Structure formats: C-alpha cells, structure tokens
Amino acid sequence: MIKAITGTKDILPFDISKWRYLENVIREKMQSFNYKEIRTPVFEETALFSRGIGEATDIVSKEMYTFLDKGGTSLTLRPEMTASVGRAFIEHSLSAKQNLNKLFYIAPMFRQERPQAGRLRQFHQFGAEALGSDSPALDSEMIILAFDILKALGLNGLTVKVNSLGVPQSREAYKNVLKEYLSDKLNLLSEESRKRFYTNILRIFDSKEENDQEVMKNAPLLIDYLDQESLQHFEAVKKLLSCASVPFEVDPRLVRGLDYYTKTTFEIISGAVGSQSALCGGGRYDLLIEQLGGKPAPGVGFAAGIERILLACENENSLTIDGESLDLYIIRLDKSLQDKTFDLGLSFRRKNINTEFDYLDRSVKAQMREANRLNARYVIILGGEEYLNGQLILKNMSDGVQENISLEQLDYICSKLSKKGE
Ligand code: HAM
C-alpha cells in the first residue's frame, strides 16, 4: 500500500474546522494590522534560498528538498517564505508602488528534518513581512501581531524572547571575541559545535548538548558588543512592547537559524508542546533585499508554525469550535420520490442552502438517523398524504415544531432556513 511520505500529514475533513478557525483568526488580525496577502510559487530556484538564508545554515546545508528539473535547473521546495517574498518584492518593483509594503501569507513549507511531534517535513506557516522601513515600530508591531494571534487562539503559557544581533560590523567583531573565548575549549565541545565553530559560530548557543551548554554558560554575549545604533533600536522596540503590554524577556543567547537577520530577533515559545516549543520566530533583515539583488530596502517579519500552534491549542484545550452542521436534510418516504428529492435538493443548494439527502436507498428511520448525525437544523419530509396534497413537512430539529408547507413555497422555506441561529 502506498502511504503518505514520512513527516507529511493529511488534514482530514474532521480536522478542517480547526484549520479554518485558525486561518480566520489569522486573516482577521492581519487585516486589522493592514497586512495584504501574498502567494508565491511552492518552488523557486535553489540559489534564492542558499543566497537568502545562508549556505552554512542547517536549512540550506541539510534540510532542503532540492532537485534538478528536466531542463537541468536546480529547484527547491521553499523551506520558508521570507526569501520568496523578497524575490517577489524585487521582481515586481513593489517599492515603486508604495514605500512600505506590509504583506502576509499562510502557506506550506518543506524541510527534510527528522520528524517528531511538532516537526514535520511538509508543514504550514503563517507569517508577515514589512518591507521598506527601518522603524523599530515595525519590529514591535510584528511581535505584537504574532502575540495577539496566539492570544486570540486562547493560548497561555507563552514566553516572548527578544534579542538583538546588531549590524554585521559589530557582529563580526563579536564573533572574533567568541572565537577567542572558545579557541582553547574546542575539545570540550560536541562534534557538531566544533563544526559550527568554523562555519556558524553563533549557532553553538543553540546546542542542546549539556557539555556545550556548560561551555557557553560563561561565553561573552553579543548584546554586550552591540553598536550604538542597534542598542538604541533595541531600546525603542522594547519600549513599544511594554506600552503594548506584551510580556517579554531579553534572551541574549537567542540566535536564529537563518543568516539574514540584523538587529532585532525574537521567538515565541510555548510551554505546552514539548521539545519543539518555538511557535513563532522572526526578526529584522535590513540587508536581505540587497543580497538578493534588489535596491536596498530594510525589512522585518516573522513566521509561525500552524501544526505546532494546533498542538499547543490541543494541549491547552483552548479552542472550542462548534461541530459542523447542515441546514437541511430531505427525507423521502417513498423510493419513487428519489428524482423529486434530487430535484428539490438541487433547488435549495442553488440557493446556497447547505442540503443533503440519501443516496444509499436507506429506510426512513435510517434517513432520520443520518439527519441527526449530520446535525441538520431542519428536515423536510417528502411523501405520504401531504405530498399527494402538494405539500411537504418542514421540521425544525431544535424544537421539534413541524409545519405543512406547499411545494410551491420554496422561497418561504429558504427565508426560514437562511435565518441561521434561530
Ligand atoms: P523559522 O524559525 O525557521 O523562521 O520558522 C518559523 C516557525 O515555523 C517555527 O517557529 C516553527 O513554529 C515552524 N517550523 C519550522 N520548521 C518546522 C517543521 N519542520 N515542522 C513544523 N513547524 C516548523 C522562518 O521560517 C523565518 N522565515 C521567519 C521570518 C519571517 N523571519 C523574518 N520573517
């Protein structure tokens, strides 16, 4: 039997209501913060990601789904959206249309990671990117937007971590300090961290290995080596977060897994999802657009993992979503009325009344059971003496009240049925 690829998941009809609910919350919040939706292709030229995210990152060096197409071009299934949004921003000269572009997305991403709870190979992110301003107000806005969405989903147990990675000059100077600190401790580090010492030294802070953490406990911190401009920017971000009542902690050890960040970085962590606890991550990337070949344009953004968020919602029992219901179920008393039932059902469906009827030759009792199972608000009973008199029975399933209605009066039924919640 052919099964879904490890690390990918089918989202089945009974899970969809949660996804829809979450997507509605995201869309509403994005709209109130005035972000416009963008959709980009699922695959791009590989160079976009290796240049944008950084060759030495785990994503680019280990996790991308990269393949040659039949023309010999190296393509990659997008592992994240920021590079794609940047590419579209440059390609369509979005900066010429307006100075500041505030964009959002909800889309599948692909990374060949070791699957576990909350870590998939095809997963979904929602996120936002603001391109064209270096104002710290936008860094804070991103954090507030992400935090507000997670709060609107009823999540508690959230920790907002913020840090600043400064500008490349101060970061490079700091890397030398870190290198010096670690140079006589290399033998104490794990093999992975020893490799990172040469390729991506900041990421050693991310190691989960006890020995590495012990060594890094006393390491010099980038925040103490920041340039004035980055420090002032960081202060402004923190001030606005406090004004917005977003609780946060500065985590000087927060380094992100993508190379494009400058100044602010942040993550929102949940205490409710086990080891894959980062629900959301983001930061400022003032040099990315230039690195991708565009005219310089500062940017800031975040992305959040939908599967992880749903896991957190489940563990915190934070979503109460009404079960699916049906407007109308048509029960036919007599098999000879099958065509009439089809016909009547179609008239309601064409008036956008969500209607179902039997296709399986079921008994009247079984049709009634099906109407209940589908949570039908109303049932039409078609047949018997009423039908011979040109009528049908309309039954309100919530109070059991029945009415005899002429078969000609479909509009009356429609008006009754469209008054949802009554
Ligand atoms: P990221 O930290 O790589 O950032 O991913 C953001 C979020 O996507 C994570 O916090 C996590 O919730 C989710 N995620 C990542 N990998 C997986 C996975 N394998 N399975 C399930 N969920 C996952 C970015 O992607 C950046 N583009 C964020 C950004 C936007 N920075 C600036 N703008």
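In the predicted model, a backbone N or O atom of Leu120 lies 2.8 Å from a nitrogen atom of the ligand, a polar contact being a pair of N or O atoms within 3.5 Å. A polar side-chain atom of Glu80 is placed 2.5 Å from a nitrogen atom of the ligand, and a backbone N or O atom of Leu279 is 3.1 Å from one of its oxygen atoms. On its own the ligand has 660 Å² of accessible area, of which the protein covers 96% (Shrake-Rupley method, 1.4 Å probe).

The ligand is surrounded by 27 residues, the closest being Glu80, Glu113, Leu120, Glu129 and Tyr261; a residue is counted if one of its heavy atoms lies within 4 Å. By class, this shell has 12 nonpolar, eight polar and seven charged residues, where Ala, Val, Leu, Ile, Met, Phe, Trp, Tyr, Cys and Pro count as nonpolar, Asp, Glu, Lys and Arg as charged, and the others, Gly among them, as polar. Strands β6 (122–131), β10 (278–284) and β11 (299–305) each supply at least two shell residues, and β10 gives the largest share, six residues. Strands are DSSP runs of E of at least two residues, and helices are runs of H or I of at least four, numbered from the N terminus.

Helices α1 (residues 13–32) and α12 (residues 306–316) pack at an angle of about 110 degrees, their axes 11 Å apart. They are therefore roughly perpendicular to each other (65 to 115 degrees). The contact (heavy atoms within 4.5 Å) involves Lys18, Trp19 and Leu22 of α1 and Ile306, Glu307, Ile309, Leu310 and Glu314 of α12.

Residues are numbered from 1 along each chain as its sequence is written. Local features need pLDDT of at least 70, side-chain atom pairs count only at pLDDT 80 or more, totals for chains, interfaces and linings use all residues, and side-chain values use heavy atoms, without hydrogens and water.

How values were computed. Axes fitted to C-alpha atoms, helices over the stretch in contact; angles between N-to-C directions. Parallel < 35°, antiparallel > 145°, perpendicular 65-115°, else oblique. Polar contact = N/O pair within 3.5 Å; in protein donor to acceptor, adjacent residues only side chain to side chain.
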